Amino acid sequence: MGEIMNEVPYRAHPHCFGLRIKEKYGIEEDCFYMDFWPLSDPLLYILDPQVAQQVTVENSQPKFEGLKYIMHGIAGPGDMVSSDGPYWKKWRSIMNPGFAAGHLMSLVPGIIDDCLVFCDNLRKRAEKNEVFRMEDDATRLTVDIIGKVALDLKLNAQTGKNELVEAFREQVQLLPNDQQGDPFSQWKPYGIWRRWVNSRKMVDYIGKVLDERFARSGEASATEKGARKQRKRAIIDLALDAYQAQQMGLEERAVQHKAPVMDAEFRRQAIVQIRTFIFAGHDTTSSTIAYAFYELHRNPVTLERIRKEHDKILGPVSQTTKRLRDDPHLINKLEYTNAVVKETLRLWPAASSARTGAPGFMIREPKTGMMLPTEGYVAWVVPYGIHRHSKIWGETVASFIPDRFMPENESSLPENAWRPFEKGPRNCIGQELAMIEARVILALTCRSFEFTPAFDAVEELKNDGSAYAGDDRWRKGVMDLDGEEAWPVLVSNLHTVPSEVQELMFLLDWNGKASRRNALSCQSKVYVDSDLTGALTSGDHVKSLSTSAFVATVVRDRRRERKESLSKRLQLDICRPPTCILGNP
């Protein structure tokens, strides 16, 4: 592995190693063992979609035990991402209605509101001609969206400070993986105390909302409940409906003169799941969008085509917001936009899936028919490798070709090979929301801005106080991975909490001029399922954090065609994998 490490950028994520190892050592099979003991658990590295099916669909194996450690610190014990068995099934069934496609479509107007705030903030940045980290803006956008979807609350993370948001963001920063491999970091007194304080703040905040909603629902008459069904409902409301359906009916309680009382254990568990949703969904969409902008810049024909689709389906830019509010289902007519998002997820998947091997559970290697034992190994399904495997996707594997995901072509896609949200019962519960968010954001930005990545200005922000900007190792040595100037990065060791950082810098120029004077360096992090090295999310996946340094993007306001050049630099938070909102509930 020493030779491999010398050929790749500093702390490049192990997601990227599979194909490189196969090629370097002439491994014919697409699943092979890797033993890193005592640094990490032994792995069964899976790059074959049919073998992946055996592990996640045909015999859905339990989640890797190590995932519980990181999720405990973020959400508390009993989260949907790391749990298994009847407990997981119970909570998945309770939460499923909140993530149903039909229900989510009713929330599009609220998503649009948050996206408009995001766009307005970008314009303000441009007017000030200031350099800033887009990771913060993009993450706050996704937190606002998940706040509405999960709690039906305006967290206003993009325009001010919110106690829940601030506690959550500090909690993420205090995770052990931010210490870049210090095995004692999690035991430092200050970190232990702050994590406890933040956890209490999140529990108190969400608990208060939960109590208020429960009290209101208990007081509601049957008529009011019927009317409520016609309104947009947050996940928290739908979860309470499911809970109350298992308890005594409202009429029975009224007869017995009993006020509704929430079971303490249900309350604790519900708070854990809401915290899980906020964490798992807080920045995945922003990473997908950043990669989409990156690919659209590199493929101008694709950019022009997506703009034409928006013109045709959504009308003039000035009418887009109103048309989407009036008919959210227009999003489903954006077939090419959907294909762009899917192709982005193919090249830049957000997660991976780590499962626990078991005695007697063998997988069949398709090429040789050999039966491989899994006992004592972590069965690691790696979409990054599957999605970039030339034997699966053919000669165009490295090319950005959204057409492969157009409806008329999807039947010719390699079977089970596209799995950014994983497949099977543990697929990502938030995948529909992620896809809706991505399409809405692209619909509101593609015709208004143009992005030009620049990779040569990371140095400018090295003293901005961010977690990784001051570390020279990120800017030295090999600076591309398989020809890509962006790549997934592992920030901490596997025994703490792995994460990835993606530095992407964009310079916005509303006049469309590709000003190359200082590009920005956008940095983003995603925390991993501790499972092996992935990041947390996407259904069964672990969402991997992403990557290297895109920098500087040129943007113009195509609606105003301003004469004066307003340049602005942004840092896009690209958590390497996009879309998946949840970690595999």
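The protein chain averages a pLDDT of 76, and 71% of the residues score at least 70; pLDDT is the predictor's confidence in each residue, from 0 to 100. This is a predicted model, so local features need pLDDT of at least 70 and side-chain atom pairs count only at pLDDT 80 or more, while totals for chains, interfaces and linings use all residues. Residues are numbered from 1 along each chain as its sequence is written, and side-chain values use heavy atoms, with hydrogens and water left out.

Two stretches need care. Over residues 491-557 the pLDDT is below 50, yet the model gives this stretch 464 contacts beyond near neighbours in sequence, a contact being heavy atoms within 4.5 Å. Residues 559-584 also stay under 50, with 193 contacts beyond four places in sequence. Where pLDDT is low, the predicted coordinates should not be read in detail.

Now the fold. The protein chain has 21 helices and 12 strands, taken as DSSP runs numbered from the N terminus (helices H or I, at least four residues; strands E, at least two). Of its 585 residues, 61% are buried, that is, under 20% relative accessible area with a 1.4 Å probe, protein chains only. Among contacts between residues at least 6 apart in sequence, 79% join residues at least 24 apart.

Next, aromatics. The whole structure holds 13 aromatic pairs, counted for rings of Phe, Tyr and Trp (its six-membered ring) with centres within 6.5 Å; planes under 30 degrees apart are stacked, over 60 edge-to-face, the rest tilted. Tyrosine 45 and tryptophan 380 have ring centres 5.0 Å apart and planes at 65 degrees, so this pair is edge-to-face. Tyrosine 45 is in strand S2 (residues 43-46) and tryptophan 380 in strand S6 (residues 378-381), 335 residues apart. Both tyrosine 45 and tryptophan 380 are buried. Separately, Trp91, Phe214, Tyr243 and Phe266 form one aromatic cluster.

Last, the second largest pocket, with a volume of about 530 Å³. On a 1 Å grid over the protein atoms alone, a pocket is an open set of points where a 1.4 Å probe fits, with protein on both sides within 12 Å along at least five of seven lines; lining residues have an atom within 4 Å of a point. Volume is the space filled by probe spheres set on the points, which are joined across faces, edges and corners. Of its 21 lining residues, Leu19, Arg20, Glu23, Arg388 and Asp482 are the closest to the centre. Helix H2 (17-25), helix H19 (383-387) and helix H20 (390-393) each give two or more residues to the lining, and H2 has the largest share, six residues.

Terms used
Buried means under 20% relative accessible area, exposed over 50%, partly exposed in between (1.4 Å probe, protein chains only).
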